[in-house]
Amino acid sequence: MQLNLHHAVAAVKNLIQRAKDQQLSIACVQEIYEIGPRPVGVPAHFKFFYSSREKLKAGIIVFNPNIQAMKVFSSKTVVAITFTLRGRNILLLSVYCPLSEDLESTLQQVEQCLNTPHDGLIIAGDFNAKSPVWGSNQEDDKGQKLSEFCSIQRNGSPEHGGLSPDFSWIQGSILDRHDLLRLFHD
């Protein structure tokens, strides 16, 4: 699950309840509710990894206590973890690119993450980018840059950090369709 919480305590509470009701294992979140420099509202018994920005922008909450996750990257707009699922090392990125910031820096951080060894990849985020590729009626500069980035990455080999040639956009997330099918339909 990927969700922008818009710095709202009610959104955090709703997410926690939804995780319980629907037995969610992991959520990638953006614009996390905080008081001072600390995130608020996520119970301590969940694993919570978040970006290193002063105002927390990206995070990953692991609800399932059986998932062993390790933070492998953290920057101002990206946080990444690895975890094992069905014997595969999954790299999961949560990304937030604010409206007021250029996408180029965020994409450089994503590219750094792709160097982390992995067997499967999920990039979930709020890029504030519009493109018909993922259902928008228009394309903005960020949307064009993000589309180009994914095109370049998917033409690279997965062994060298590139996205597989076959990927999907689902609510702002880049999912390797073959990896997804193997992970959840075995």
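Which backbone nitrogen does a side-chain oxygen of Asp 102 reach at the start of helix 2? At this helix start, the side-chain oxygen comes to within 3.0 Å of the backbone nitrogen of Glu 104. The model is a predicted one, in which local features need pLDDT of at least 70 and side-chain atom pairs count only at pLDDT 80 or more, while totals for chains, interfaces and linings use all residues. Residues are numbered from 1 along each chain as its sequence is written, and side-chain values use heavy atoms, with hydrogens and water left out.

The overall layout comes next. The chain has four helices and 12 strands, these being DSSP runs numbered from the N terminus (helices H or I, at least four residues; strands E, at least two). Of its 186 residues, 50% count as buried, a term that stands for under 20% relative accessible area, with exposed meaning over 50% and partly exposed in between (1.4 Å probe, protein chains only). Among contacts with a separation of 6 or more, 54% come from residues 24 or more positions apart; a contact here means heavy atoms within 4.5 Å.

Buried in helix 1 are Ala 11, Val 12, Leu 15, Ile 16 and Ala 19. They lie on the same side of helix 1, because their arc around the axis is only 140 degrees, taken from the directions from the helix axis to the C-beta atoms. In general, an α-helix has 3.6 residues a turn, so residues three or four places apart point the same way. The cover over the buried residues of helix 1 includes strand 1 (2-4), strand 2 (26-30) and strand 6. On the other side of helix 1, Lys 13, Asn 14, Lys 20 and Asp 21 are exposed.

Helix 2 (residues 103-113) can be read in a similar way. Its buried residues are Leu 103, Thr 106, Leu 107, Gln 109, Val 110 and Cys 113. These cover an arc of only 155 degrees around the axis, which puts them on the same side of helix 2.

Turning to the rings, the model holds two aromatic pairs, where rings of Phe, Tyr and Trp (its six-membered ring) pair if their centres lie within 6.5 Å, with planes under 30 degrees apart called stacked, over 60 edge-to-face and the rest tilted. Phe 46 and Phe 63 form an edge-to-face pair, 4.9 Å centre to centre with 85 degrees between the planes. Phe 46 belongs to the loop between strand 4 (38-39) and strand 5 (47-50), and Phe 63, 17 residues apart from it, to the loop between strand 6 (58-62) and strand 7 (69-74). Both Phe 46 and Phe 63 are buried.

Asn 89 is found in strand 9 (residues 88-96) and counts as partly exposed at 25% relative accessibility. Leaving out residues up to four places away in sequence, Asn 89 touches Thr 82, Phe 83, Pro 117, His 118, Asp 119 and Gly 120. The C-alpha atoms of Asn 89 and Gly 120 are separated by 6.4 Å.

Finally, some backbone angles stand out. Most residues other than glycine have a negative phi. His 6, in the loop between strand 1 and helix 1, has a positive phi of about 50 degrees.

Note on methods
Polar contact = N/O pair within 3.5 Å; in protein donor to acceptor, adjacent residues only side chain to side chain.
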